[in-house]
Amino acid sequence: SVRKKILCRKYVTHETIADYLEGVQWLKDQGFKIYGIVIDGVRGLAQALRPYPVQLCQFHQVLTVRHYLTQEPELDASKELLDLINCITKMDKESFIGAFGEWYVRNKDVVNERIHDKRIKKKTPPYMRPRLRSAYLSVKRNMPLLWTFYDYPNLGLPNTNNGLEGIFSDIKTKLRVHSGISKEHRKKLIDEYLSRHY
C-alpha cells in the first residue's frame, strides 16, 4: 500500500490460510518489515495473522451485509442497517459503533424474534429473520477488525484493500480481451503486465 507495488504473488486454485502465511513468511525472509495486514474476510485468517495488526476491508464487510439483506430490503430494520453499513467508510469509529448500538437497541426484538409454530419439532425455534440476524452478527463479530487502521493511525494502514482490488479489475479487463488464450499464456500475460505496471 505504501510503494504501490506488488511485492509477492502466487497462482492458486483456491485461497487458503497456508498460502497467506507462506506469503507473509516470504516477505519476512526478504527483509520486509510488516506493520499490518489488510484482509478481505477469509474465515480464520485474522486469527492466523494474530501477531500483526489486522484490518478487515470495510468494503468487504459492506458486501457481506448487502449479500444478506440484498440491495433493496423491505424491512425497516434491514433498510436502516444497510444505510448504516453503506456509510462506514465515511464515519469514525466512535460514531459508527454508537450508531450500530442504537440500531440494535431499536431493533433487537426484530433481530431476535423466533418462529413459534407447534408444527416445528425443535427445542429451540428458528429465528424469524435469519438473514437480518446474520448481517447483524457479521458486523458485531468483525467490529474490532474494522477499525484497526483507526486504532493504529501511525501505521498508515488503509481501511480497505481497494488498491489491490483495482489491480484485479484491471487484469480481468485485459484478460477479457484475450479470452481464448491458454492458461499458460494467460499467466505469461499477467506476469508481463504486472512487471511493467506494478
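In this predicted model, helix H5 passes helix H6 in a left-handed crossing.

**Where H5 and H6 cross**
- H5 covers residues 93-112, and its axis comes within 11 Å of the axis of H6, crossing at roughly 150 degrees.
- On the H5 side, the residues that touch H6 are Phe96, Ile97, Phe100, Trp103, Tyr104, Val110, Val111 and Asn112.
- H6 answers with Leu132, Arg133, Tyr136, Val139, Lys140 and Met143.
- Sort the residues of this contact by class and you get 11 nonpolar, 1 polar and 2 charged.

**Aromatic rings**
- There are 10 aromatic pairs in the structure.
- One of them is Trp103 with Tyr136: the ring centres sit 5.9 Å apart and the planes lie at 35 degrees, so this pair counts as tilted.
- Trp103 belongs to H5 and Tyr136 to H6, so to speak a link between distant parts of the chain, 33 residues apart.

**The second largest pocket**
- The second largest pocket holds about 510 Å³ of space.
- It is lined by 22 residues, and the closest to its centre are Gly41, Arg43, Ser138, Arg141 and Asn142.
- Helices H2 (45-48), H3 (58-69) and H6 (130-146) each supply at least two lining residues.
- By class, the lining has 9 nonpolar, 10 polar and 3 charged residues.

Notes
Residues numbered from 1 in each chain as written. Predicted model: local features only at pLDDT ≥ 70, side-chain atom pairs only at ≥ 80, totals over all residues. Heavy atoms only, no water. 1 Å grid on protein atoms, 1.4 Å probe; cavity = no way out; pocket = protein on both sides within 12 Å on 5 of 7 lines; lining within 4 Å. Points joined across faces, edges and corners; volume = space filled by probe spheres on them. Helix = DSSP H or I, 4+ residues; strand = E, 2+ residues; numbered from the N terminus. Nonpolar A, V, L, I, M, F, W, Y, C, P; charged D, E, K, R; others polar. Axes fitted to C-alpha atoms, helices over the stretch in contact; angles between N-to-C directions. Left-handed = near helix turned anticlockwise from the far one by under 90°. Contact = heavy atoms within 4.5 Å. Phe/Tyr/Trp six-rings, centres within 6.5 Å; stacked < 30°, edge-to-face > 60°.
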